[in-house]
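Visitor: Please show me the model, and then let us go through it in questions and answers.

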Amino acid sequence: MGIAERRQREKEQRKTEIIDAAERLFFSRNYEDVSMEDIAREVELNKATIYLYFKNKEALYATIVLRGIGILKEKYTECMEKQVSGIVKVA
């Protein structure tokens, strides 16, 4: 494994940590009550570092929403692949 691969993996891990921290805060408070400073404090990074990964709070929130949509899509796909009646799938 080269240095570039390790750095890329660390960058992706840091981005995931930022998203996870922001998600915790957004779920515990209103969107308006969460600042980028709060997110930076939660993930123990400098606020400027957060802006290296996300343009603004809206972009970070959109990433969290897209993650949730992906999870919902997985659940729907799993449900549709089951060999049961439609009413059972809906339930």
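Guide: Buried means under 20% relative accessible area, exposed over 50%, and partly exposed in between, with a 1.4 Å probe and protein chains only. Helices (H or I, at least four residues) and strands (E, at least two) are DSSP runs, numbered from the N terminus. This is a predicted model, in which local features need pLDDT of at least 70, side-chain atom pairs count only at pLDDT 80 or more, and totals for chains, interfaces and linings use all residues. Residues are numbered from 1 along each chain as its sequence is written, and side-chain values use heavy atoms, with hydrogens and water left out.

Visitor: Which residues of α2 are buried?

Guide: Helix α2 spans residues 36–43. What covers its buried residues includes α1, α3 (47–53) and α4. The buried residues in α2 are Met 36, Asp 38, Ile 39, Ala 40 and Val 43.

Visitor: Which residues is Phe 26 in contact with, leaving aside its neighbours within four places in sequence?

Guide: Contact means heavy atoms within 4.5 Å. Phe 26 is among the members of the largest nonpolar core that touch the most others. Leaving aside the neighbours within four places in sequence, its contacts are Tyr 31, Val 34, Ile 39, Lys 57, Tyr 61 and Ile 64.

Visitor: Is Asp 38 buried or exposed?

Guide: Asp 38 sits in helix α2. Not counting residues up to four places away in sequence, Asp 38 touches Leu 25, Arg 29 and Asp 33. With a relative accessible area of 15%, Asp 38 is buried.

Visitor: What separates Asp 38 and Arg 41 along helix α2?

Guide: A salt bridge is a side-chain nitrogen of Lys or Arg within 4 Å of a carboxyl oxygen of Asp or Glu, and Asp 38 forms one with Arg 41, the closest N and O atoms being 3.2 Å apart. Arg 41 is exposed, at a relative accessible area of 53%. An α-helix has 3.6 residues a turn, so residues three or four places apart point the same way. Asp 38 and Arg 41 are 3 residues apart in helix α2, so what separates them is about one helical turn.

Visitor: How many residues apart in sequence are the parts that Arg 67 and Asp 20 tie together?

Guide: Arg 67 forms a salt bridge with Asp 20, with the closest N and O atoms 2.8 Å apart. Arg 67 lies in helix α4 and Asp 20 in helix α1, so the pair ties together parts whose separation in sequence is 47 residues.

Visitor: Which residues are linked with Glu 23 in a network of salt bridges?

Guide: Arg 67 is partly exposed, with a relative accessible area of 27%. Asp 20 is partly exposed as well, with a relative accessible area of 27%. The residues linked with Glu 23 in the network are Asp 20 and Arg 67.

Visitor: How many residues apart are Arg 24 and Glu 42?

Guide: The side chains of Arg 24 and Glu 42 meet in a salt bridge of 3.3 Å, N to O. Arg 24 is in helix α1 and Glu 42 in helix α2, and the pair links distant parts of the chain, the separation being 18 residues.

Visitor: What is the phi of Glu 44?

Guide: Glu 44 lies in the loop between α2 and α3. Its relative accessible area is 71%, so Glu 44 is exposed. Although Glu 44 is not a glycine, its phi is positive, at about 60 degrees.

Visitor: What is the accessible area of the nonpolar patch on the surface?

Guide: Patches are made of residues with over 30% relative accessible area and no salt bridge: like charges are joined within 9 Å, nonpolar side chains (Val, Leu, Ile, Met, Phe, Trp, Tyr) within 5 Å. Accessible areas come from the Shrake-Rupley method with a 1.4 Å probe, and for residues only the protein chains shown count as cover. Tyr 61, Val 65, Leu 66 and Ile 69 form the patch, and together their accessible area is about 370 Å².

Methods. Core = buried A, V, L, I, M, F, W, Y, C linked by side-chain atoms within 4.5 Å.
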